[in-house]
Amino acid sequence: LLLTMTRRNEVADMSAAEVEGDLWTIPGERYKNKLDHVIPLSPDAKALIGSKPEGFKGNNWFAFSTTDGARPFSGFSKAKVSLDAEIAKRRKAEGRAKMPRWTLHDLRRTARTLMSRAKVPEDHAERAMGHVIAGVRGTYDRYSFLEEKREAFQKLADLVAIILAGPANNVVSMGART
């Protein structure tokens, strides 16, 4: 969710047929604005997808599934409860305050904020999110911004990797990944 800036059902319903190389195309019939949305997958995002489940018959499976690709992942509530419990346990062990209430959709907002932090131009970040540019410009500018989105998603992945490395490693990581 974080590395693709997508909504939970968009990523849950990701099928192998939607991914070609490092491009994931969410078809308009299942995207909020009803337009196809192309997401260049960073190597970090691509690594999370994996390969065809062993024993799966056919060439179209769900990338995120608890049924070996037959059906999309659907246990968001249960997974969120488990994740919240793990976060609470770690924060308590570190002597930190409880984490404020959050939702999975907050990851989309977090990703957009991280793109700003990574100095991704606003227009590129909005296109990466799949937002439609309004007005006359949106009507006439039909450029795909594919390479700009690719760079934006890579900057997001690099920043997430730095954050995940933790404070002790950020000085080294920031120099290596910028």
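Colleague: Helices (H or I, at least four residues) and strands (E, at least two) are DSSP runs, numbered from the N terminus. In what order do the elements of the protein chain run from the N terminus on?

Modeller: This is a predicted model, where local features need pLDDT of at least 70 and side-chain atom pairs count only at pLDDT 80 or more, while totals for chains, interfaces and linings use all residues. The order is α-β-β-β-α-α-α-α-α-α-α. That comes to eight helices and three strands.

Colleague: And how are residues numbered along each chain?

Modeller: Residues are numbered from 1 as the sequence of each chain is written, and side-chain values use heavy atoms, with hydrogens and water left out.

Colleague: What does the C-alpha trace span along its principal axes?

Modeller: The C-alpha trace of the protein chain spans about 55 × 45 × 30 Å.

Colleague: What percentage of the protein chain counts as buried?

Modeller: Of its 178 residues, 35% count as buried. Buried means under 20% relative accessible area, exposed means over 50%, and partly exposed lies in between, with a 1.4 Å probe and protein chains only.

Colleague: Take Trp61. Why does Trp61 count as buried?

Modeller: Trp61 counts as buried because its relative accessibility is 16%.

Colleague: Next topic, the core. How many residues has the largest nonpolar core?

Modeller: The largest nonpolar core has 27 residues. Such a core is a set of buried Ala, Val, Leu, Ile, Met, Phe, Trp, Tyr and Cys residues joined through side-chain atoms within 4.5 Å.

Colleague: Which elements give two or more residues to this core?

Modeller: They are strand 2 (23–26), helix 2, helix 4, helix 5 (122–129) and helix 7. Helix 7 supplies the largest share, six residues.

Colleague: And which residues have the most contacts inside this core?

Modeller: Met5, Trp24, Leu41, Met115, Phe153 and Leu156.

Colleague: What does Leu156 touch?

Modeller: Contact means heavy atoms within 4.5 Å. Not counting residues up to four places away in sequence, Leu156 touches Leu2, Leu3, Met5, Ala111, Leu114 and Met115. Met5 and Met115 are also on the list of residues with the most contacts inside the core.

Colleague: Is helix 5 mostly covered or mostly open?

Modeller: Mostly covered, since six of the eight residues of helix 5 are buried. These are His124, Ala125, Glu126, Arg127, Ala128 and Met129.

Colleague: What do the buried residues of helix 5 pack against?

Modeller: The buried residues of helix 5 pack against strand 3, helix 4, helix 6 (135–140) and helix 7.

Colleague: Which residue follows helix 5?

Modeller: Gly130 follows helix 5. The phi of Gly130 is positive, near 85°.

Colleague: Is Ser42 buried or exposed?

Modeller: Ser42 has 5% relative accessibility, so Ser42 counts as buried. Leaving aside neighbours within four places in sequence, Ser42 is in contact with Phe153, Gln154 and Ala157. Of these, Phe153 is one of the residues with the most contacts inside the largest nonpolar core.

Colleague: Last one. Among contacts between residues at least 6 apart in sequence, what percentage join residues at least 24 apart?

Modeller: In the protein chain, 49% of those contacts do.
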